[in-house]
Amino acid sequence: MTWRNLSLLVLLSLPAPAPAQEDPLAAAQLRTTLTFLASDELAGRDSPSRGLREARDYLIARLQAAKVAPGVGESYVHEYELPGVTLPHEGVTCALVGDGEKRALTFGEDVRIWRLDAAFQGEAVEVLRPDMDAPGADRLLRRLRGNKPVILEVETDSPLWRATEGAQQKLGSTRGGGSAPWLLVRKGVLPAGDLKMDLSVPAPTAGPVQLWNVVGVLRQPEAKEWVVFSAHYDHIGIGIARNGDSINNGADDDGTGTTTVLALAEAFARAPAAAGRNLAFVFFSAEEKGLRGSRAFVAAPPFPLADIAAVVNLEMLGRPPEDGARKAWITGHDLSDFATRAQPALARAGVELIEFAMAANLFSASDNLPFAQEGVVAHSISAGSLHADYHQPSDEVSRIDFEHMSAVARGVFEFGKDLATAKERPAFNDKGKARLRLR
């Protein structure tokens with residue numbers, strides 16, 4: 001099945017794009033999109049995961065519905081591979097040992113693998129069995145590493161249980177050592193008290209993991225140069241439960257950026273900028289794994305890096321601090337004239353450009369960096385702070401200020417129009433060139 005046909009099928013089963021008479025940048029439309037992307041059903045959009053694939057297909061379907069063209073030849077998908085492993089989904093044996101008897105557990109139905117560094121073999125081994133419901137269990141589990149297998153008892157409708165069905169792929173490599181495996185066992189299977197098990201788990205299998213960036217474009221007749229709007233659509237997936245919640249939904253980080261880039265694509269498709277530069281809308285995966293998606297894009301771009309006039313990367317737009325409504329800031333603002341150009345455009349939308357204490361350091365912490373290292377002027381625009389819910393299950397849609405987010409989106413739309421039509425490109429200054437070691 002082609003990507004085109006697949007995206008049409010996906011569109012039939014997912015939240016609809018804004019009707020023609022509605023504004024893609026309106027708060028209500030942003031809420032609709034983000035509610036899907038940061039839903040529990042997508043399980044935190046880990047790279048790789050089923051939730052990430054569903055987010056990818058959703059973005060493709062929405063771009064196609066908005067008549068935003070594919071950006072990689074005839075495809076919306078920029079594919080790349082990273083080293084990874086597949087956890088064993090057969091050949092695992094597990095049996096309870098006690099009172100001279102053994103009781104086998106059925107792999108997949110009774111027991112599943114959550115964490116595995118290497119093969120493990122043991123007879124009548126002691127098993128750690130932490131109480132998942134005890135106060136502070138999440139902190140205890142984060143410190144728990146050793147040579148004893150860990151058993152976590154979960155309900156079969158829990159996110160952890162659902163996420164470990166079938167073959168699981170992880171980024172990374174096989175290792176000869178590491179901790180003993182962590183296993184999930186469905187509640188009701190194990191007897192009370194201390195446990196011993198016979199356990200045999202094959203090693204993970206090394207092999208490439210396929211991942212995807214999503215790219216849509218709006219081309220201008222005879223235009224050569226590009227303005228790129230980007231955000232990462234991945235997050236950190238499922239982890240150890242905190243206050244009963246194990247899904248890191250990533251609403252602000254970076255569901256808000258992803259939602260805004262999609263809204264910008266739909267808005268520019270309806271009201272194109274005056275003739276000037278082409279526009280690209282890029283959604284990166286594996287940002288949370290070390291900017292791997294944007295590095296893969298820069299290594300094999302669908303259009304020449306030399307033709308990119310600027311990259312406008314969007315990160316965490318929906319959680320302003322108490323006095324931060326309708327205010328935004330730019331990472332590495334003193335390295336180029338990017339912020340100077342952005343300020344009047346944001347102001348037209350009622351958004352004030354401010355300085356942020358960590359802006360200099362955060363220039364190197366998002367998907368703008370791989371472009372900047374190649375000499376492309378690329379910065380991240382943010383409109384919030386590193387709040388207490390950062391990388392926590394509590395980063396939920398209910399905490400997003402959509403009116404604030406909408407105002408920032410309109411400001412970025414104005415900035416995009418300016419970048420598309422400006423005669424001169426943004427440029428790094430001497431400080432920026434020195435930091436990036438550009439000639």
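A residue counts as buried when its relative accessible area is under 20%. In this predicted model, D46 has a relative accessible area of 19%, and D46 is therefore buried.

**The loop residue D46**

D46 is located in the loop that connects α2 with α3, the latter spanning residues 50-65. When neighbours within four places in sequence are left aside, the contacts of D46 are L52, H235, I236, G237 and K289.

**The chain as a whole**

The protein chain contains 12 helices and 19 strands. Of its 439 residues, 54% are buried. Among contacts with a separation of 6 or more, 84% are between residues 24 or more positions apart. The accessible surface of the protein chain amounts to about 18900 Å², and carbon and sulfur atoms contribute 49% of that surface.

**Helix α2 and its packing**

Helix α2 covers residues 27-37 and packs on helix α11, residues 402-421. Two packed helices are described by the angle between their axes and the distance between the axes. For α2 and α11 the angle is about 105° and the axes are 9 Å apart. Angles of 65 to 115 degrees count as roughly perpendicular, and α2 and α11 are therefore roughly perpendicular to each other. On the α2 side the contact is made by A27, L30, R31 and L34, and on the α11 side by F402, E403, M405 and S406. Sorted by class, this contact of α2 with α11 comprises five nonpolar residues, one polar residue and two charged residues.

The buried residues of α2 are A27, Q29, L30, T33, L34, F36 and L37. The cover over these buried residues includes α3, α6 (251-270) and α11.

Strand β15 runs from residue 278 to residue 284, and seven of its seven residues are buried, so β15 is largely enclosed by the rest of the structure.

Strands of a sheet pair through backbone hydrogen bonds, either parallel or antiparallel. Strand β15 takes part in both kinds of pairing: β11 (residues 205-218) is antiparallel to β15, whereas β12 (residues 226-232) is parallel to β15. Within the second, F229 has F281 of β15 as its bridge partner.

**A three-stranded sheet**

Elsewhere in the chain, three strands form an open sheet in the order β5-β9-β7, with mixed pairing. Its edge strands are β5 (111-115) and β7 (150-154), each of which pairs on one side only. On average, neighbouring strands of this sheet are turned by 30° against each other, direction ignored. Strand β9 comprises residues 182-186 and pairs with β7 in the parallel sense. The bridge partner of V154 in β9 is R186.

| Strand pair | Sense | Bridges |
|---|---|---|
| β11 and β15 | antiparallel | five bridges |
| β12 and β15 | parallel | seven bridges |
| β7 and β9 | parallel | five bridges |

Notes: Residues numbered from 1 in each chain as written. Predicted model: local features only at pLDDT ≥ 70, side-chain atom pairs only at ≥ 80, totals over all residues. Heavy atoms only, no water. Axes fitted to C-alpha atoms, helices over the stretch in contact; angles between N-to-C directions. Helix = DSSP H or I, 4+ residues; strand = E, 2+ residues; numbered from the N terminus. Parallel < 35°, antiparallel > 145°, perpendicular 65-115°, else oblique. Contact = heavy atoms within 4.5 Å. Nonpolar A, V, L, I, M, F, W, Y, C, P; charged D, E, K, R; others polar. Buried < 20%, exposed > 50% of the residue type's maximum accessible area, 1.4 Å probe, protein only. Pairing = 2+ DSSP bridges. Areas by Shrake-Rupley, 256 points an atom, 1.4 Å probe, with all protein chains shown as cover.
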